[in-house]
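Let's take a walk through a protein model together. Keep the structure open next to you as you read, and look up each residue as it comes along.

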Amino acid sequence: MTTTNHPTKWIVRNGVFATGEREGVVRGCMIVDGDTIAYIGTEEPEDARDLPSIDGKGLLFMPGLVNSHGHTAMSLLRGYGDDMVLQEWLQTKMWPMEAKFTSDDVYWGSSLSIVEMLKSGTTTFLDMYDHMDRVAEAVVQSGMRASLTRGVIGLCSQQEQDDKLNDAISFAKNWHGQADGRITVMMSPHAPYTCPPAFIERFVQAAHDLDLPLHTHMSETAAEVEQNVREYGLRPVAHLEKLGFFSRPSMVAHAVHLTDEEIAMLAANRVAVSHNPGSNLKLASGVAKVPQLLKAGVVVSLGTDGAASNNNLDMFEEMRLAALIHKGVSGDPTAVPAAEALRMATLHGAQSLYLDNLGTLEAGMKADFVALDIEQAHFLPRTDYVSHLVYSAAGQDVRHVWVDGIQIVKNRECLTLDEEKIRFEAQSAFEGLLAR
Ligand SMILES: CSC[C@H]1O[C@@H](n2cnc3c(O)ncnc32)[C@H](O)[C@@H]1O
Ligand SMILES: [Zn+2]
């Protein structure tokens, strides 16, 4: 992406800002200096008079959404396997197709997901997959921010395990901190049921050596928890703790099937959780105990998972699901209120990816933000914009997107990517997979 033609310091005037912070909504202006928010408030500073400006009238600004768990190349398998439980879905539909993926397939699938995410307000995402150099290439081109991790399934020979771990280590060495710091890396054994204990321990060691966080799928289904107990005599949380997984900064996806003791153990070890309500509902995995996790002080963020188990990457939908399903299952209408759902999709997302200065609209924070068109029926009356964002809005309401202070979506057009080519190549890639 090119960074020319962007003024280093500029101002948004006449905007409404859902800051994601305690003060909630600010009506006024925001000054961006390079990649950072320099000021936000109701009063315009005197020395801002001559700054280049954009008019925020009719726009609601909010922090860019953070999608804390997914597999971007899986957009190529959207609609390819519906209405199955996780293990059947993985074994009969996903893994046979993924075995045929080339690095080009990963590039076009990831590019397709990036277009979808950007245009629905996501500015940062986590991706766990194979051929990660090609995902990184798409991230660089897009101008987006990402936490990338080479996901490794260890149900293979010792030699293949070595090769996969070395691939994950090389990827980390080559890409952590690249793209002006927009790309960071985590280390990811796929799950306790696909990685033998000794292999997970090697990932923990590598994460120590590289000083990187760890990420994995954990306790997504009841069947997986039972299998873990059968094979190792421990539920997944105690199993991972025993393997040293939580001795590193770590974030686990799903965490649906937890006991109260396990929730306390995650909190004590400062393990962050990516809650994926859409994927958990579609695969009939269950409903995570999010109110209890939040009460215990666990950082809970939101993820879509891949587009083959969701089946879209719209984080507004995940926010709404998170705010609704926990009310439904608990019978408590105060469970996950709107401000909490918004925080999960923004600040908690940044924290769960171990990214500093990201996730709210405040002076000193990264200038990653989006603007929604609020001159639409479903944003009226002007009662509570945080409520509207969570209970009424959808990704299609996003009109403009900035990352690091640079505009990358303008009037719903992606400025950094050729959307038409990406749509064409993604469809061709899927047809090629079917034919191989
Ligand atoms: C080794 S790369 C990532 C790997 O994860 C698979 N996957 C996608 N969604 C899920 C999920 O919800 N639980 C577990 N594994 C999942 C994907 O198909 C890739 O093989
Ligand atoms: Zn996943």
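Start with the overall layout: the protein chain splits into domain 1 (9-64 + 359-414) and domain 2 (65-352), with bounds that come from an automatic or database domain assignment. Before going on, bear in mind that this is a predicted model, where local features need pLDDT of at least 70 and side-chain atom pairs count only at pLDDT 80 or more, while totals for chains, interfaces and linings use all residues. Residues are numbered from 1 along each chain as its sequence is written, and chains are lettered from A and ligands numbered from 1 in the order in which they are written.

The C-alpha centres of the two domains are 29 Å apart. Where they meet, 24 residues of domain 1 are in contact with 30 residues of domain 2; contact here means that two C-beta atoms, placed from the backbone, lie within 7 Å. On the domain 1 side, α14 (385-392) gives the most, with 5 residues. Helices like this one are DSSP runs (H or I, at least four residues), as are strands (E, at least two), numbered from the N terminus. That side of domain 1 divides into 15 nonpolar, 6 polar and 3 charged residues. Ala, Val, Leu, Ile, Met, Phe, Trp, Tyr, Cys and Pro count as nonpolar, Asp, Glu, Lys and Arg as charged, and the others, Gly among them, as polar.

Now look inside. The largest nonpolar core has 136 residues, and M30, F61 and M319 have the most contacts within it. Such a core is a set of buried Ala, Val, Leu, Ile, Met, Phe, Trp, Tyr and Cys residues joined through C-beta atoms within 7 Å. Buried means 20 or more other C-beta atoms within 10 Å of a residue's own, exposed means 12 or fewer, and partly exposed is in between, with C-beta atoms placed from the backbone. Helix α2 (residues 103-119) gives the most to this core, with 8 residues.

Next, find ligand 1. Of the 19 residues around it, M94, Y129, G151, H190 and H217 come nearest, where "around" means a C-beta atom, placed from the backbone, within 6 Å. The largest share of this shell, 5 residues, comes from α1.

H190 also turns up in the UniProt annotation "binding site" (unreviewed entry), together with E98, R150, E220 and D305; UniProt positions follow the numbering used here, feature names are shortened, and annotations may be inferred rather than shown by experiment. H190 is partly exposed because 17 other C-beta atoms lie within 10 Å, whereas E98 counts as buried, with 21 C-beta neighbours inside 10 Å.
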